[in-house]
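Keep the viewer open and follow along.

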Amino acid sequence: MSWDRRTFLGLLAGAPGIAVGVASGTAVAQEGPPPAPSAPSAPLAAAPGDPAAAAARRLLGSHAGQFAFTPLTPDAEGRDRYVVSGRAGHVTIAGTTPATQLTGLRQYLKQAGLAQFTWAGSRTGLPAQVPAPQGGRLEGRADTPHRFVLNDTNDGYTGPYHDWAYWEREIDLLALHGFNEVLVYAGAEAVYQRLFQRYGYRDDEVRAWIPGPAHQPWWLLQNLSSFPAPVTARLIEQRAALGARIVGRLRELGMKPVLPGYFGTVPTGFADRNPGARTVPQGTWMGFARPDWLDPRSGLFAEVAAAFYDIQEELYGRGTLYKMDLLHEGGRAGDVPVGDATRAVQRALRAARPDAVWVILGWQKNPPKEIVAAADRDAMLVVDGLSDRFPEVNDRESDWQGTPYAFGSIWNFGGHTALGANTRDWVDLYPRWRDRPGSRLSGIALMPEAADNNPAAFELFSELPWTQGPIDLTSWFREYARVRYGGSDAHAEAAWDILRKTVYGTRREDRWSEPADGLFGARPALDAVSAGKWSPKALRYPAASFEPALGELLAVRAELRDSATYRRDLLDVARQALANRSRTLLPRLAAAYAAKDQGEFARLGRRWIALIDLLEQLVATDGDHLLGRWVEEARAWGGSAQEKGQLQYDALSLLTTWGTRQGADAGLRDYANREWAGLVGGLYRLRWSTYIDELSAALKEGRKPAAVDWFALEDRWTRNPGTLATRPRGQVHEVAEEVARALARAD
């Protein structure tokens, strides 16, 4: 099938959440429409097509008319900056790009305590007439040029089937928080679909090779292909239309899309269909067959790469930043010298984009020394995923031979709902690494594997390059609570001080950057220590020190509770307290079984299931914690009943089995565990009730418990989960009070 960018107007109308000629599904981040000013000022004139003003209207509604956005030249070092000035009702925000102007808007709103827009809960509370900036003028400057955001896995674990309404708001949030480089994978499959039809493959063969959207990030990393079912041409076209709209909006705001580069991934049998081609088999990854690798030293590689970049430009325009990770997580070089391959990959990139920067992930042994030594390091940027993970990571200048790098954090793996991040390391290490002699630190890289969680971490990390001087976390979290809820409150401050010391007080000395997940989501075992195979095996702070935060949040005065920000935080803290209790209750359950105490085991088993039911009731109060919406989004992209079912399985399997039995057994099952309604009360409850019932029967009958084929159970549920709610039910404050009472009762 042949099509180009001119077809997008037709395709946009068919893709979920996308309409032609309008900002479809605009998400206004507030509890309702902003109040109309009682004595309105004359709206400030916005330039036609002003991207910052358009974003302000989406965020602030009619209040946006009191802000004007103007251009500003960079500072003497070429860095982004903003200046906020003006008087009440007439505030002018100047910035080097429209996105930087929005960063200035966010800082003004924060300083005045008027609003907060985050990944998880937002609040507005603007008066009829917005005040003048404090002191008459507010200035900010980025101390590094690269402010990179999103993980390679984001399009899987955050939401593979998000529509334009989601992405429009997401881009607004990223601009508000000062990011200027955004990884964009949506629509990448369209490039490959067109590319390999030029090299001997039919359209249906290429589509059978391309995975479903939930699993595509790992295909782009060369880890797998052909799972779970062939994608349709219609789906590829719709996702290409979405990708084009995402990169278009980023460029409107002066932000840079980071697009996938070409480093040699080819379908099976490529060498058989293309004489002279030489491919290197890549073996398997977690039980999945990896795509072959086209030897980059060959002339055919240069030809294929040139075609790839031509097609990509036709669909998404020319970029300057390209993400590539050679030999990712166990890839095989065979007899191809890695240095020669590196030079060839970069040469092909520079032939197509002479000013391009190769963006590569710093993770495990990536990038290997052979790649760094062979590359033009001044045209490379390492986005470091381990800055806050291992205490021995302290000299990236030596590790990467002077390659520019971005200080990064991966605080979330798989989309776990756990609270926490190593904030103390951030405020300590970032300025030290930036300011030391010979530093090559050139930015930040915010890379949780899933977004839309840990809003405090999102806020703090984004502020690192925009903050002059040290950050005092005690003061920062106190101010965060004030802005988040719209006023000062002793109980809110106390709650956030507890969170500062516990979930956000961890450090990398224990060799983790993520918080521990809960055990309700673990495959049942009396000796379970984590739900995900590679997650922390114990809490990284005392559970007893965390639990009082729930009581403090419940005691926040009533007038500050009526916001999405408060409700989200109350849910997060109550959910975390319940999850933490699983780690103290399970050893008692195990002890009762070991002692063959049938009565105590039965009592504790009922308690375990009751807490699962309470957790389900809690997370069901929030729309962002509904598995039904995850499924609903996937099905919305399907053009037939069959395709809807395939997309549902693609989305659901990622959260449960991840894929095949072999992959699940290798450790991928429950990698993306999360405490969502429908998942907690569905699969997690089914597993634990099945397990506890069998252990109870074995105790009663004096026998060994029968083995359970957990994968078979999980796969059956994934393929037929039953009816899943798509609307929240219940009031979070009422359920959180019940959680507090339940936790106060002795186990």
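Leucine 386 sits in the loop between strand 17 (380-384) and helix 14 (396-399). This is a predicted model, and in it leucine 386 has 5% relative accessibility, so it counts as buried. Leaving out residues up to four places away in sequence, leucine 386 touches Gly362, Trp363, Gln364, Val393 and Arg396. Serine 513 is 127 residues from leucine 386 in sequence, yet the two C-alpha atoms are 8.1 Å apart in space.

**The chain as a whole**

The chain holds 28 helices and 19 strands. Its C-alpha trace spans about 75 × 70 × 55 Å along the principal axes. A compact globule of 747 residues would have a radius of gyration near 27 Å, and the chain, at 26 Å, agrees with that. Buried residues account for 63% of the 747. If you take contacts between residues at least 6 apart in sequence, 76% of them join residues at least 24 apart.

**The nonpolar core and its aromatic rings**

In soluble globular proteins, nonpolar side chains tend to be buried together. Here, the largest nonpolar core has 243 residues, and Phe196 and Tyr262 touch the most other members. Helix 21 (residues 564-594) contributes the most to this core, with 13 residues.

Which residues does tyrosine 262 contact, beyond its neighbours within four places in sequence? They are Tyr192, Leu195, Phe196, Leu294, Phe301, Val304, Ala305, Phe308, Tyr309, Met324 and Val345. Tyr262 also belongs to an aromatic cluster, whose members include Tyr192, Phe196, Trp209, Trp219, Tyr309 and Tyr322.

The count of aromatic pairs comes to 50. One of them is stacked: phenylalanine 179 and phenylalanine 458, 6.3 Å centre to centre with 15° between the planes. Phenylalanine 179 is in the loop between helix 5 (164-176) and strand 8 (181-183), while phenylalanine 458 is in helix 16 (residues 455-463), so the pair ties together parts 279 residues apart in sequence. Both phenylalanine 179 and phenylalanine 458 are buried.

Tyrosine 309 and tyrosine 322 have ring centres 5.7 Å apart and planes at 85°, so this pair is edge-to-face. Because tyrosine 309 lies in helix 11 (residues 299-316) and tyrosine 322 in strand 15 (residues 321-323), the pair ties together parts 13 residues apart in sequence. Tyrosine 309 and tyrosine 322 are both buried as well.

Charged side chains meet rings too. The charged end of arginine 674 sits over the ring of tryptophan 630, 5.3 Å from its centre. Arginine 719 lies over the face of tyrosine 649, at 4.2 Å from the ring centre.

**Two helices to look at**

Helix 3 is mostly covered, with 12 of its 15 residues buried. Among them are Arg106 and Lys110, along with Leu102, Leu105, Tyr108 and Leu109. Just after helix 3, glycine 113 takes a positive phi of about 70°.

**Backbone spots worth a click**

Most residues other than glycine have a negative phi, and most peptide bonds are trans. The table gathers some exceptions.

| Residues | Feature | Value |
|---|---|---|
| Phenylalanine 227 and proline 228 | cis peptide bond | omega about -5° |
| Asparagine 366 and proline 367 | cis peptide bond | omega about -5° |
| Tryptophan 658 | positive phi | about 75° |
| Aspartate 670 | positive phi | near 65° |

Proline 228 is in the loop between helix 8 (216-220) and helix 9 (233-252), and proline 367 is in the loop between strand 16 and helix 13. Tryptophan 658 is found in the loop between helix 24 (641-655) and helix 25 (661-668), and aspartate 670 in the loop between helix 25 and helix 26 (679-701).

Are tryptophan 658 and aspartate 670 buried or exposed? Tryptophan 658 is buried, with a relative accessible area of 0%. Aspartate 670, at 1% relative accessibility, counts as buried too.

Methods
Residues numbered from 1 in each chain as written. Predicted model: local features only at pLDDT ≥ 70, side-chain atom pairs only at ≥ 80, totals over all residues. Heavy atoms only, no water. Core = buried A, V, L, I, M, F, W, Y, C linked by side-chain atoms within 4.5 Å. Buried < 20%, exposed > 50% of the residue type's maximum accessible area, 1.4 Å probe, protein only. Helix = DSSP H or I, 4+ residues; strand = E, 2+ residues; numbered from the N terminus. Contact = heavy atoms within 4.5 Å. Phe/Tyr/Trp six-rings, centres within 6.5 Å; stacked < 30°, edge-to-face > 60°. Lys NZ or Arg CZ within 6 Å of the ring centre and 35° of its normal. Rg over C-alpha atoms; globule rule 2.2 N^0.38 Å.
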